[in-house]
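Okay, everyone, let's get going.

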Amino acid sequence: MESPTALQQGNNALRSGQYAEAVRHYALGLITSAPPESPAPPAGPISQQLAHNLLLARKRYRRERHASGSLRVAVACWSLSENPLGRAHVLVSLYQALADEENGENNGDGPGFRGGHAGQGRAAEPNTDTACQVADPPSIDSVALIGTYFARRGRTLWPPLRAQFEPAPETTSAQEPGPKPAPQPAPDQEPDQRVQPAPIPVHSVLVEDDSQFMSRAIGLVSAHPFDLVHISKPRFPNIVIALLYRLLWDAQILVDIDDDELAFVNGQPLPETGPNRDSTDGPVPVHPGEQALAHWLQRYNGLPSTRDLLGRPWTEFGMSLASAFAGPGQARDAALSVANGAFQQRHGGTLIRHARDLRLFQPKPSGHPQSIVERRARSRAHLNIRPEQQVVIYLGTPRRHKGLLETAQALAALNRSRQAAPRDLLYLIVGRFPPGTEALKQGLDALHASGALAIRLLDDQPFAEIPDLLAAADLSVLLQDPDAAAARAQTPAKLSDALAMGLRVLAEVTPGLADLAEQGAVIPVTRETLAATLSETLAALAQRTEPTGPQQPAPQPHPVFTRELSLEVNRERLRALLSTQQRPQPHSSATAVAQPLTAASTQPRAPSLARPLQRLAVLPSLGPLPRALLAASLSADPAARDGVSVIILSLRGAELLERLLSSFFANNSHQPVELIIVDHGDPNDADDRTAAVLVRVQAQHRTDHRSGPDLWHLPRERNHSFSDSCNLAAALARYPNLLFLNNDIVYSADPLPTALQRLQDHSIGAVGIRLDDDPDSLPPGQTPSVQHLGIEFVWNEQRGYHQPSQIRHPDARAYDAEQQAKGHQPPGRRTESRPQPAVTGAFLLCRRDDFERLGGFSTDYDYGLEDIDLCLRLQRDLGKRSECLTGLALQHAESSTRRRDRTSTNAKIANNHRIFAQHWSQWTASWTHQHSARRA
């Protein structure tokens, strides 16, 4: 007995009300229905049924989830085996704190803790300066972590946080060998009293090769539905996961920024050409997502390879899409959270700092095993630190720009100047040295071996042990090189740990630390003042611990921690962010009614994906599922089902382009359409007015007070081939029909409704149109002719084959008279068409699916015969003929661009004919023979 198909399994789940399971089966069916390595999305009635049933199942699932009144939340981490997991853990903890508060588990003090003293050590309630008092968003039903292991970067959870998470059974992988564990601080004598977080479930995939990422990500997303996904860092794998959650589950997406991701790949931000978010925002302008995509394509001359999704090109693109998930009508930064004031000035968004639960650090009363005095004594004893030693600690990933060697040298000099025993100072460095830091480690080892300073190196330690390590220390030093791009905007998470423990912190003030430094969180230092400040601070600390001195109170959390870095304060900030979000309503399918998470809505329908995300969804490199779902979503909208993406190439042709667009908007009645203008002009050419023309056209044909026509300017900076640029634009087109249109056309009629009607006949693959001479391009007194009524093949003695030739008529008015004499309607009212072997690409309408199945226009040609070649392949490979509308006509200033360089053009023509003859000479000879026999 045959196993049930994905469609049958999905249908069974749908009938039984298991809507999430139905979505999963339909999604996996769409993946397997696409031919391997196919550039086109899955097609055919089965694939279409899968996509439409998936949308139905999703709609019912969303209705079910909406009725529950709660949210299932996931935080996405792009690399679970490395320190990006640290920020993801912060977000998970905050969501869990919200969930636990709503469930009454811990009085709002922290995330899912077992044991401990829930009522003790609670930070002051946030005031109106640090947190918004907002209406409650829906309750949080569950919280999980999702993400990826890239095998080349690690196969297991980042060791410091491994104990905080609970990998799901299907995501566990073989343990990789690693270094022997470093000495651990001793556990408390009362383990039942220790504050321990409940493990958070983890759902993940292992990617051995980047080419596997899309299929693995689809499997992950389809198996684990969530209502809200907060991606920690907008690296491209996270952006793709977010896009899949929006497409598959109609999930709400939030994006978190806590690092300058471009600095890690030596990347550059895309040009900032757009307007500010509003007149009151900071000095950094932002630009729409489509402009970001255009600049990215321009920078890399098309779509970069997907062999390294973690490299510079895709990281630059991911960062450019950080603001693309805002809902309709929202500010661009409405779905953003950021970790510090520097990022907030740069990107906007809601400030959510590196929060910590105070109960992990809060000292207990004297005599309790977890009091600061007893904790310090136990930790020092376990680490073999003498009571009289002063300990300077560094917690984090050791890197050259973090000043570890400079700190060690300053401490060694201080030892010498104090004429003290070299072992009276201990520099404790906790963190694994990553590849590339061997020289730094060697320098520290050499300094320790010289006897100038005692240096202890510990590997990564579990997160739960950080308070004990800090309890053993007297001072924390955090140097961030202001000249290092990665460090400038960072706020070290270990600052939160140190301030929670009440430890003094010396820090180099960078933009990422500036607002906290202004509040007195750190003692500011520079490399030049480090030694003197260390000496002064350590001397003051030594007086506090003198046995003969007055009894000093135990360290308390720093006031800045209480105001800015506590879990309670940042939990309320997260609550405020959630309360401003828009939640898709249950009756949405292709479109989503977006409304605040806290209230019902009467707002009109709006696209569930922003335009740049729609363009991302159709990229061939992302595989078949996103495009299939987008196509199914659009087809559910009767208008979008016949949407047309008009692709126009332009090279220093501003006047021609303006004339075309003005006539198009004056005469076209079909909607929806988008126009993709591929600009081959040099951006440094001051005489090229293409960009200015597009701005003017947008303004002249504005349809409402906010936006003009759906027009996208895609600059490419130089003259690429017709095939290359058309194929690129087609890969980014949002609609199921493609119209290739020359910029030297005058759109003097309204042919799209008729052409689309002909394309409803599935035996037709391409529709062209009669083209007449443009009267303005002719010498005075010359009668316009008919340039094109289709393509025939005629013998060319010089080239030695039956070459393509446009079917012409010498007099356009005489042709119209002849047609009327045959009983046809007058010009402009006729709808007749003729079957032809091919039509010209000056106006060529086809289905995007057909175009992609053929691989688009052949790049063997250079501005000539690629359109004829496409039509012949439609016939040969797909069994679909071409038709030419002869009852309607557009005007065409034929070869306007080619006239500029006759020598180059003639050489291209000769080469194009040579290539075409190699492929099609036998076919054209056979066609000519058959049609000659019919006429005879």
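Let's start with N301: at 43% relative accessibility, N301 counts as partly exposed, where buried means under 20% relative accessible area, exposed means over 50% and partly exposed is in between, with a 1.4 Å probe and protein chains only. Before I go on, this is a predicted model, so local features need pLDDT of at least 70, side-chain atom pairs count only at pLDDT 80 or more, and totals for chains, interfaces and linings use all residues. Residues are numbered from 1 along each chain as its sequence is written, and side-chain values use heavy atoms, with hydrogens and water left out.

Back to N301. N301 has a positive phi of about 55° although it is not a glycine, and you'll find N301 in the loop between α7 (289-299) and α8. On naming: helices (H or I, at least four residues) and strands (E, at least two) are DSSP runs, numbered from the N terminus.

Now, α8 itself, residues 312-320: seven of its nine residues are buried, so the helix is largely enclosed by the rest of the structure. Among those buried residues are W314, F317 and M319.

D250 also has a positive phi of about 55°, and D250 is not a glycine either. Is D250 buried or exposed? D250 is buried, at a relative accessible area of 1%, and sits in the loop between α6 and β8 (252-257).

That brings us to α6. Helix α3 (residues 45-68) and helix α6 (residues 236-249) have axes that come within 8 Å and cross at roughly 90°; axes here are lines fitted to C-alpha atoms, for helices over the stretch in contact, and angles run from 0 to 180 degrees between N-to-C directions. So α3 and α6 are roughly perpendicular to each other, a label that covers 65 to 115 degrees, with under 35 roughly parallel, over 145 roughly antiparallel and the rest oblique. In this packing, L54, R58, Y61 and R62 of α3 meet R246, L247, L248 and W249 of α6, contact being heavy atoms within 4.5 Å.

On to the strands. There's an open sheet of six, ordered β13-β12-β11-β14-β15-β16, with parallel pairing; two strands pair if DSSP finds at least two bridges between them. At the edges are β13 (454-458) and β16 (523-525), each pairing on one side only. From one strand to the next, the twist averages 25°. Helix α12 (residues 438-449) lies across β12 (425-430) and β13, and runs at about 140° to β13.

For an antiparallel case, look at β28 (residues 791-796) and β29 (residues 801-806), which pair over six bridges. N796 has Y801 in β29 as its bridge partner. Four residues lie between the strands of this hairpin, and G800 takes a positive phi near 75° there.

What does P837 touch, leaving out residues up to four places away in sequence? The list is I791, F793, C871, L872, S882, W923 and W927. P837 is buried, with a relative accessible area of 11%, in the loop between β30 (833-836) and β31 (843-847).

Another proline to look at is P672: a cis peptide bond joins Q671 and P672, with omega about 0°. P672 is in the loop between α23 (654-667) and β22 (673-679).
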